[in-house]
Amino acid sequence: MFKGPKSPIRRLTGRIARLRRSLRVQLVSLVVLTLAGAICVNLYLSFRSAAAAAQLVTDRTLLASARVIAEAVHVDDSGSVQVEIPPAALEMFDTGFGDQVFYRVTTPWGNLLSGYPDLPTPPVALKGQDLIFHDQSIRALMLEHPVVGLAGDGTIAVTVGVTHGSQYAIRRQLWLSDFANELALVLLAGLVTIIGLQRGLSPILRLRDAVRQRGRDRLDPFPPSMVQTELQPLVHALNEHMESVQNQMAAQRRFVANAAHQLRTPLALIATQAAVAAREVDIRQRDEALQALQKSTRQVTRLAGQLLALSRAEPGNFRPRTDNIDLAALTRSVLENVAEEALKRSIDLGFDNSGPVNVTGDATMLGEFVVNLVDNALRYTPAGGAVTVTVKSLRNMAILTVEDTGPGIPEGERTQVFERFYRVIGTQTEGSGLGLAIVREVVDSAGGTIELGDGKDGGLLVLVTLPLGV
């Protein structure tokens, strides 16, 4: 199906998704967001500090203006109180922000000397306060000042108020100055972080390039010293993974080579037997050749089945199953299938169990491991011998034993027999050497153990333990 070019929205979405996965973007974002949070708190505190500073400047100016006005109050020769408002007292508020100035001068007995009669007076002297005058907010301050010549050295009250234009301008200028400085700090921190990340991530980028430049067959380890100490565990893990892959590849090559070797001989024998059967004129000799051909075919079929079972038993090849299986019933079914062969060879095939023994695992693979154990025991037990299979449970484990009266396995070779295609030296019985290898893979994947020992009559005893199911 033809796919057209991606839309701009999809390209943008993909780009955003890649940015979200970028370590550099994440770290820079974390640093910048942390700084931004700290700066927001600092800007709030700066705003309060700027407001306090602007208010203090306004109060100092109001106090200075009130003092200038108060010092202009005097008592004339007739004993009346006179005041002439000095222009300087009002001009000090002319800062270019259009502020309006209001004042009021009163005698100790409440007479208005000058100014606005309805101007409200702050309740506390020398302390600025925000008031409402003529429907607008002002900052006002009241000063009590003694005047020489008044009866009893009386004091006059001077109240000066001003609108907030200049105060708010000072506050805004101080806050914007802090904001500009802190914004520059964030940008500088972001730039330093990007440079630091670029230098800090350079070893990782070198490691990436080294991985890309290697061929598919190169799996030798990387030196951990090429990255920082904190990243060296990553390199160690990568080296361990490559070693595991290398071991698996080597095992796979050995497996393929051994499988090819094991299949080559019976296939060549089948071809020879088929050619002999085709040439034979004598019916008896032809029948013998055909019987040998059937036997070789069964051997190849058995070998192919074991190879498939071994491949399936290897970890990671198939998704693990968790079937609830009665191991006793499974073993009984396997023994019933091979009972006829045991009777032909006069082998006493016995089974002993005390009831259901439930385990958890792959029913097919567990059946395969029981088949291989019983098949090995029957294959190596001479005619007239005995094979005894036991299934029981003990504490939290299921126990399966297979005991035969065959030649057994020497103690020095009991580890090697679990290797693929390994045959005990001197063994004349036909086999591929895969049975016990399959058994070990299945038992390991089920979380169990397998041990080899001596039987009571000198044969082989195989002991398998598996965790009981729920």
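**A look around the predicted model**

Pro86 sits in the loop that links strand 2 (81-83) to helix 3 (87-91); helices (H or I, at least four residues) and strands (E, at least two) are DSSP runs, numbered from the N terminus. This is a predicted model, in which local features need pLDDT of at least 70, side-chain atom pairs count only at pLDDT 80 or more, and totals for chains, interfaces and linings use all residues. Residues are numbered from 1 along each chain as its sequence is written, and side-chain values use heavy atoms, with hydrogens and water left out.

Setting aside neighbours within four places in sequence, Pro86 is in contact with Val68, Ile69 and Ala72, where contact means heavy atoms within 4.5 Å. Pro86 and Ala72 are 14 residues apart in sequence, and their C-alpha atoms are 7.2 Å apart in space.

As for the protein in general, the secondary structure comes to nine helices and 14 strands. Of its 470 residues, 34% count as buried, a label for residues under 20% relative accessible area, with exposed meaning over 50% and partly exposed in between (1.4 Å probe, protein chains only). The accessible surface is about 28500 Å², and carbon and sulfur atoms hold 56% of that; these areas come from the Shrake-Rupley method with a 1.4 Å probe, and for residues only the protein chains shown count as cover. Among contacts with a separation of 6 or more, 62% are between residues 24 or more positions apart.

Five strands form an open sheet in the order 4-3-7-6-5, with antiparallel pairing; two strands count as paired if DSSP finds at least two bridges between them. Strand 4 (112-115) and strand 5 (129-133) stand at the edges with a single partner strand each, so one side of each has no neighbour in the sheet. From one strand to the next, the twist averages 25°, taking axes as lines fitted to C-alpha atoms (for helices, over the stretch in contact) and angles from 0 to 180 degrees between N-to-C directions.

Strand 7 (residues 155-163) is mostly covered, with eight of its nine residues buried. Strand 3 (residues 101-106) runs antiparallel to strand 7 and is joined to it by six bridges, with Val101 opposite Val162 of strand 7. Strand 6 (residues 136-146) is also antiparallel to strand 7, through nine bridges, and here Glu144 has Ala157 as its bridge partner. Strand 3 pairs with strand 4 as well, in the antiparallel sense over three bridges, and Thr106 stands opposite Leu112 in strand 4.

Now for the helices. Ser166 has its place in helix 4 (residues 165-213). Ser166 counts as buried because its relative accessibility is 15%. Apart from neighbours within four places in sequence, Ser166 is in contact with Thr95, Phe97 and Asp99.

Helix 7 (residues 327-344) and helix 8 (residues 363-380) pack with their axes 10 Å apart, at an angle of about 40°. That makes helix 7 oblique to helix 8: angles under 35 degrees count as roughly parallel, over 145 as roughly antiparallel, 65 to 115 as roughly perpendicular and the rest as oblique. Helix 7 brings Leu327, Leu330, Thr331, Val334, Leu335, Val338 and Ala342 to the contact, and helix 8 brings Ala363, Leu366, Gly367, Val370, Val371, Val374 and Leu378.
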